[in-house]
Every structure is written in C-alpha cells, then in structure tokens.
Amino acid sequence: MNKNFSKAMVLLLGLVTFQANAQEAPTYDYHEAFKPLFYQNNATETRSASGKPGHNYWQNRADYHLNVTLNDQTNEISGYSEITYTNNSFDSLEFLWLQLDQNLFDKNSRGSSLLPMSGSRYGDTGSEFSGGYQIKSVTVDGKPVKYDVIDTRMQIDLAKALKPKGGKAKIKVEYSYTVPYEGADRTGIIETKNGKIYTIAQWFPRMAVYDDIQGWNTLPYLGPGEFYLEYGDVTATITAPAHHYVVGSGELLNPKEVYSSEQLKRWDSAKKSDQTVMIRSAAEVEADQKTSSKNKTWKFKIKNTRDFAWASSSAFILDAAKINLPSGKNALAISAYPVESDGQDAWSRSTEYTKASIEHYSKQWSEYPYPTAINVAGNEGGMEYPGIVFCHMDSKGEGLWGVTDHEFGHIWFPMIVGSNERVHGWMDEGFNTFINDISTEKFNNGEYHKPQSFQRMANMFNNDGFEPVMTQPDNMRERNIGALLYYKPGAGLTLLREHIIGPERFDKALRTYIDYWAYKHPTPEDFFRTIENVTGEELSWFWRGWFLNKWKIDQGIKSAKYVNGDMSQGLVVTVENKGQLPMPTTVEVEFTDGTKMEKKLPIEVWKRNTEWTFKIPTTKEVKQVKLDPKGAYPDADITNNTMKLKEPASLGRLDINALLGTFSNAMLGMDIEIKLENNHLMAQVPSQPAFPLTYEGDHVFSFDEAEIVVTYHEDLKSFVLKQGEQEFEFKKK
C-alpha cells in the first residue's frame with residue numbers, strides 16, 4: 001500500500017469511526033435481542049443439543065493414492081488419482097460426486113465468467129491462459145463408468161448402488177492439466193533466477209462431501225469459497241525433473257533416494273535441533289545444475305488428512321528445525337525458498353517463525369498432528385494446506401511472520417476442525433484471525449504485537465454496505481471478504497474472550513469445541529451450542545447480532561449529575577443502549593485529582609431496559625465520565641461516550657472567527673473545515689459528520705474519543721493535527 005495513502009486511511013479511520021450511524025439509526029429492542037428459541041434444530045442422532053457429535057454421528061471417508069509426473073517444459077502434470085471411498089452414511093448412494101477444482105481455470109468456467117474487469121484475487125479477464133482437466137479415463141472397481149463433468153464437478157453413475165454403513169468403491173481417474181501461473185492466489189508458478197517454483201494445490205480429483213446436513217455438497221468452485229473435504233490417508237508418488245527438490249504434505253518416505261549423503265546428515269541433524277539447520281544452502285543452489293533430462297521420484301504419506309499439496313523447484317534453499325510438541329513428540333519445521341528471498345530480515349527466519357507458531361498453537365489449543373510443517377515461498381499471498389503452506393517470496397519481517405502464523409493457524413481451522421469453508425468461510429478465517437492475535441502477542445516477547453482498539457475499527461464493522469458474517473463467501477462482494485470472513489468474526493471471538501466470558505472460560509470452551517469436532521464436520525450451530533454449554537452463558541443475543549445480522553453497537557452516557565448538586569453525596573450516571581446489539585458496559589469516572597474508577601454493568605442490565613441509572617459512591621470532584629474507556633467495542637457513535645463535568649478552559653482573548661475556515665493538507669489530499677455549530681467549535685471532513693473540539697488552553701483543542709489533538713500556530717493560519725504518534729500540518733486555504 002502507498003505510504004501516504006496508508007497514513008490518510010489511518011487518520012480517516014480515527015476521524016470517522018463514529019459516523020456509521022449517520023445513514024441508519026436503528027433503535028434497541030430488548031425483546032428482539034433476547035428473544036428465545038434461537039436454535040432452529042433440535043438434537044438428532046448425529047448432532048447433540050450440547051454441541052457434541054451425536055451418538056450416531058457418521059462421516060464418509062476418502063483414502064487416496066496419487067501418482068503424477070511434472071513436466072517443467074510444458075508445465076503439465078499427468079497421472080492418476082486412485083480413491084478408496086467408504087460410505088459410512090445410512091443411505092445407499094446411486095451416484096458419486098467429485099470436485100475438479102482445476103476446471104476453474106478453463107476460460108469457459110462459471111468462475112471465469114464471474115471475474116470483474118480488474119482487481120480480483122481469483123483471476124484476470126485479460127489472461128490468455130485456459131486450463132482445466134483433461135480426463136483420460138474413469139473406472140470404478142476396475143470397470144469403466146459413465147460420468148458427466150459439470151464445470152468444477154464430476155458426477156459418476158454407479159452400476160450398483162454403494163451400500164450404506166461401510167460400502168466401499170475404488171475410483172480411479174486418469175488425467176492431466178497445465179499448471180496456471182496465477183491460480184486464483186492458491187496455486188501457481190513463479191520464475192526465479194535459478195528456476196521455476198511450482199506450488200501445486202487443488203491438483204487431483206477429490207471426493208465431494210456427503211453429510212447429514214446437505215447430502216451431497218456440490219457448490220461449484222468459483223474462487224472466493226474455499227473447500228469442504230472428507231478425511232482419509234494420502235500417499236503420493238511425485239516424479240519431477242532430477243534437478244528439482246520436492247516438498248509435500250506429511251512424511252517424506254524416501255529421503256535416502258532423493259537427498260545426497262551430506263544433505264541426509266543435515267536432515268537428521270535438523271530433527272534434533274531447536275536452531276535452524278541448513279539442508280541445501282544458497283551456494284549449493286547457485287552451483288547446482290539448472291536443467292536435467294532425467295527424473296527423480298519423491299514419495300510422501302500423510303494420515304487422517306483432508307487434502308495434500310506440494311511444491312517443486314530447482315531454486316529451493318532448504319532449512320529445518322525441530323518442533324517440540326506437548327506430548328513429548330517432535331515434528332520438523334521446513335522452509336523452501338529461493339535465493340531472492342534469503343536473509344535474516346526475510347525467509348532465513350521462516351523456520352523460526354514456523355516452529356514458534358506450531359509450538360504455540362499446540363500448547364494453547366491442541367497438538368499439531370503431522371510429522372512436518374513446511375513453509376514454501378511462491379507467488380501466493382498466503383494459502384494453507386495440511387502440513388504445508390504457501391507464502392509470498394517477497395514477504396519480510398513482520399509481514400512474513402504474519403502470513404506464516406496465519407497460514408499455519410489454519411492447521412487447526414479448518415484442517416483439524418473440518419468446517420465447510422465453501423459455505424461458512426468465517427469458521428476458518430475468522431477463528432484463525434482470532435488465534436493469530438494471541439500467537440503474535442506471545443511470539444518473541446511481542447516482537448510484532450501491536451494492540452488495536454476495536455473502537456478504531458468501528459467504521460469498518462458498522463459499514464452499511466457489508467453483508468452479514470454468515471453470508472456465503474461466493475455471495476459477498478469481493479472487497480468485503482477481508483472484513484467479513486477475517487476481521488469481524490475474529491473480533492467477535494476476541495470480544496467473547498476478553499469482555500463477555502473471560503479468557504480462562506472461553507479458552508476452555510474453544511478447546512472443548514476442537515476436541516469434539518477434530519477431523520469432523522461442525523456447523524455454526526454446533527459451535528454456538530458448545531460455547532454456551534461449556535461456559536454456562538446464554539449468548540443468543542451475540543450470535544444473532546454479530547454473526548446472523550449486522551446489528552450495530554451504540555451505547556452512550558445520557559446524564560451524569562451530583563446527587564442534589566453536591567459532589568460529597570456521590571454521582572448519579574444514566575447510560576443508554578441505542579444500537580440493536582447490547583454489550584456489557586464499562587463506565588470510567590475520572591476525578592479532577594487525576595484518579596479514576598470503573599463501574600462494570602453485566603449484559604443482563606439490557607435484558608429489560610433501554611437505559612440504566614446507577615450511583616457512583618464518591619465525595620470527589622469529577623472531571624468527566626467516559627463509556628468504554630479502552631475502546632473495547634466498535635461503538636457506532638462515540639460522540640455521546642464522554643460527558644465532561646468540569647467547565648472547559650476559557651477561550652479567553654482568542655478570536656474565535658480567526659480559528660474558522662477550511663484547512664488543507666496536500667500530502668493527504670484532505671480538507672478539514674473548522675466551524676461553529678450552536679456555539680461549539682466543530683471540525684468537518686468532507687462527506688463525514690462534524691466532530692466537536694474541546695479547548696484545552698494554549699491554542700490546543702482535543703477530540704478525546706479519537707485521540708486527536710489540534711494545536712494552532714500563533715498566527716492561527718495553520719494547525720498541527722496529531723493522532724497517536726502521527727502528525728499532519730493543515731494550512732488555511
């Protein structure tokens with residue numbers, strides 16, 4: 001992002017967080033917020049009312065044997081996918097559905113037809129590439145079958161229905177496809193000076209999920225909606241050019257056949273080392289041959305997985321270190337990156353980041369299940385698969401930590417807890433964003449941790465142009481996906497943990513949810529029920545407002561007065577809940593002597609009230625009363641969150657009219673108009689509501705809610721606006 005533009009965005013965020021209520025001012029209805037019968041489905045044999053899988057929960061299984069060859073001259077992958085599919089359901093299956101994700105890259109696919117003219121993560125309408133599978137044969141139990149390919153799906157008609165409760169079918173699909181350079185930011189090819197890097201995903205025909213919620217889940221792959229997959233074991237045999245090095249999900253079965261004796265020694269050393277060990281150095285990459293007419297075969301195995309991905313290149317530097325797991329077992333953190341990405345400010349720390357991330361999540365939530373954790377430098381912004389992730393080769397420092405930690409966080413959501421990303425994208429991206437914040441705070445004594453007030457993000461959370469969080473990803477505007485799949489649900493879990501339930505109780509509930517649904521297929525209702533049952537809290541008001549609807553938080557201070565006008569008798573404060581979504585309330589009283597005290601009101605205050613009056617027992621003079629002093633909640637209108645009881649500093653001999661006018665900052669391309677409204681000095685940013693300026697003396701004005709300080713120069717023809725550590729000078733036009 002452009003640096004100047006970034007600064008302007010930060011400033012605007014602070015200025016306008018309170019403005020979202022301008023277009024829409026819904027009122028609070030406690031009957032609607034707390035109405036009963038939130039859950040629409042009673043307990044079944046497959047799903048318990050407590051959030052657990054039911055006593056007859058079932059799930060089908062797909063085991064894969066994959067055998068393919070990579071041609072680096074044509075960028076073609078060819079081979080076969082052999083699937084052993086087990087029908088554990090109570091139903092006979094007359095036909096089967098498979099997913100053919102590579103067909104997204106056919107120019108005639110539905111996903112290609114939905115691409116905008118420019119600016120999409122998922123493709124480029126100007127690209128001449130047209131890919132997709134070339135299906136050579138399909139057999140079931142060794143016999144050819146009738147099949148239909150419909151966009152990114154394949155339906156196979158069975159000669160005989162697959163029996164319930166354990167019926168098995170062996171499906172074999174022979175195929176080939178050309179790898180796209182830009183594969184919807186999930187797979188692809190990037191050129192480096194020492195050869196191409198292939199990051200290979202969604203590369204083999206995979207079983208669609210048949211479950212107790214939908215039956216066959218056959219939504220086409222359009223790009224935004226990710227994946228929903230069955231669990232099973234995968235073995236993969238990958239033949240690549242002999243000068244390539246291949247990394248893949250799970251355990252490398254034949255290291256002695258693919259590594260030199262020296263590399264094998266380093267490999268074994270890394271398994272015992274907490275420090276990063278170089279397996280293939282930059283110097284070796286530069287010295288090794290760049291082409292070969294021969295091939296080399298790599299073999300991998302991963303158990304109880306929902307997918308398999310891999311990467312291949314002659315350009316890979318390889319390093320690794322031991323991951324220490326709570327059970328006493330070990331895994332191996334591995335990084336694969338080109339010389340262009342080398343360096344201590346960049347990918348040389350990748351294995352350190354990977355190790356720290358995996359160790360934290362294993363201790364905090366549940367143990368990492370795979371023998372390796374591989375971080376690959378490619379052309380993806382960031383993408384996750386079981387045991388392996390792809391991050392951009394240009395990432396450095398904080399950015400590389402952030403994307404590495406995020407993608408490996410996905411091992412828990414959705415690789416372990418197998419939610420339906422195609423429908424409920426927030427259940428992996430939002431959960432993961434939430435656990436990433438905790439991980440970043442813990443990493444290296446908070447090296448990259450930057451606490452953020454949700455109040456500063458209120459403008460985003462309360463945007464009237466957003467869809468509800470529960471919207472399917474394919475039904476969201478692409479520009480809204482970051483906010484609605486990642487940040488808003490992640491913030492919602494943080495609110496639950498930090499301000500509604502408490503860290504200890506919430507963490508216990510989330511661990512229980514992971515334990516209940518590890519390697520299974522939960523729904524949002526299963527999550528909601530688990531959290532409520534473990535914590536003992538009734539949270540339908542929160543699920544209803546934050547996830548199902550886009551209700552706004554808007555609380556305010558209605559009045560603050562001394563009892564009978566006498567401060568020695570205490571202070572009476574009235575707060576009101578104006579927005580549709582209630583929240584526990586914190587009120588801070590600041591006294592003129594500089595001391596402060598807090599009063600917390602539980603959510604139950606709002607179960608039958610729209611406002612609440614309470615007394616602060618004090619004999620001291622009060623300077624101001626402030627709602628949500630730490631900015632924990634994204635309140636849609638913070639202009640009523642502070643009430644000052646002390647008279648403001650006098651304007652004295654200042655010429656008020658000299659303060660007025662339009663002031664401009666050319667770098668930000670922003671104007672601010674200073675004006676009088678009802679004898680109050682106000683600041684106005686174009687297209688935004690005005691905000692009040694309180695005089696503090698010595699030419700200094702403030703707007704505490706956004707931590708803004710405006711200091712006029714002596715001639716009153718310019719001022720400096722300061723927000724946090726940033727300062728911007730505005731001059732009168």
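# Legends to close-up views

**Figure 1. Thr523 is placed in the loop between helix H13 (503–517) and helix H14 (524–535).** The model is predicted: local features require pLDDT of at least 70 and side-chain atom pairs count only at pLDDT 80 or more, while totals for chains, interfaces and linings use all residues. Residues are numbered from 1 along each chain as its sequence is written, and side-chain values use heavy atoms, with hydrogens and water left out. Helices (H or I, at least four residues) and strands (E, at least two) are DSSP runs numbered from the N terminus. With a relative accessible area of 15%, Thr523 is buried; buried means under 20% relative accessible area, exposed over 50%, and partly exposed in between (1.4 Å probe, protein chains only). Residues up to four places away in sequence being set aside, Thr523 touches Arg47, Ile213 and Met427, where contact means heavy atoms within 4.5 Å.

**Figure 2. Helices H13 and H14 cross at roughly 130°.** Two packed helices are described by the angle between their axes and the distance between the axes. The axes of H13 and H14 come within 9 Å; axes are lines fitted to C-alpha atoms, for helices over the stretch in contact, and angles run from 0 to 180 degrees between N-to-C directions. The crossing angle of roughly 130° therefore makes H13 oblique to H14, given that angles under 35 degrees count as roughly parallel, over 145 as roughly antiparallel, 65 to 115 as roughly perpendicular and the rest as oblique. H13 passes H14 in a right-handed crossing (left-handed if the near helix is turned anticlockwise from the far one by less than a right angle, right-handed if clockwise). From H13, the contact is made by Arg505, Phe506, Lys508, Ala509, Leu510, Thr512, Tyr513, Tyr516 and Trp517; from H14, it is made by Asp526, Phe527, Thr530, Ile531, Val534 and Thr535. The residues of this contact divide into 9 nonpolar, 3 polar and 3 charged, with Ala, Val, Leu, Ile, Met, Phe, Trp, Tyr, Cys and Pro counted as nonpolar, Asp, Glu, Lys and Arg as charged, and the others, Gly among them, as polar.

**Figure 3. Helix H12 (residues 481–501) packs with helix H15 (residues 540–548).** The angle between H12 and H15 is about 155°, and their axes are 10 Å apart. H12 is therefore roughly antiparallel to H15. The crossing of H12 past H15 is right-handed. H12 contributes Lys488, Pro489, Ala491, Gly492, Leu495, Leu496 and Ile500 to the contact, whereas H15 contributes Trp541, Phe542, Trp543, Trp546 and Phe547. Of the residues in the contact of H12 with H15, 10 are nonpolar, 1 is polar and 1 is charged.

**Figure 4. Ser357 is a buried residue of helix H7 (residues 350–364).** The relative accessible area of Ser357 is 0%. Apart from its neighbours within four places in sequence, Ser357 is in contact with Trp401, Asp405 and Phe408.

**Figure 5. Backbone geometry is shown at Pro414, Asp141 and Asp628.** Most residues other than glycine have a negative phi, and most peptide bonds are trans. The peptide bond from Phe413 to Pro414 is cis, with omega near 20°, and Pro414 belongs to helix H9 (residues 411–416). Asp141, in the loop between strand S4 (134–140) and strand S5 (143–144), has a positive phi near 55°. Asp628 likewise has a positive phi, near 50°, and is located in the loop between strand S31 (622–627) and strand S32 (642–644). At a relative accessible area of 11%, Asp628 is buried.

**Figure 6. Leu645 occupies the loop between S32 and helix H16 (656–659).** Its relative accessibility of 23% makes Leu645 partly exposed. With neighbours within four places in sequence left aside, Leu645 is in contact with Ala560, Tyr562, Leu571, Val622, Lys623, Gln624 and Val625. Leu645 and Gly188 are 457 residues apart in sequence and, C-alpha to C-alpha, 62 Å apart in space.

**Figure 7. Gln455 lies in the loop between helix H10 (426–442) and helix H11 (458–461).** Gln455 has a relative accessible area of 7% and is therefore buried. Between Gln455 and Ile238 there are 50 Å in space, C-alpha to C-alpha, and the two are 217 residues apart in sequence. For orientation, the protein chain has 16 helices and 41 strands, and 58% of its 733 residues count as buried.
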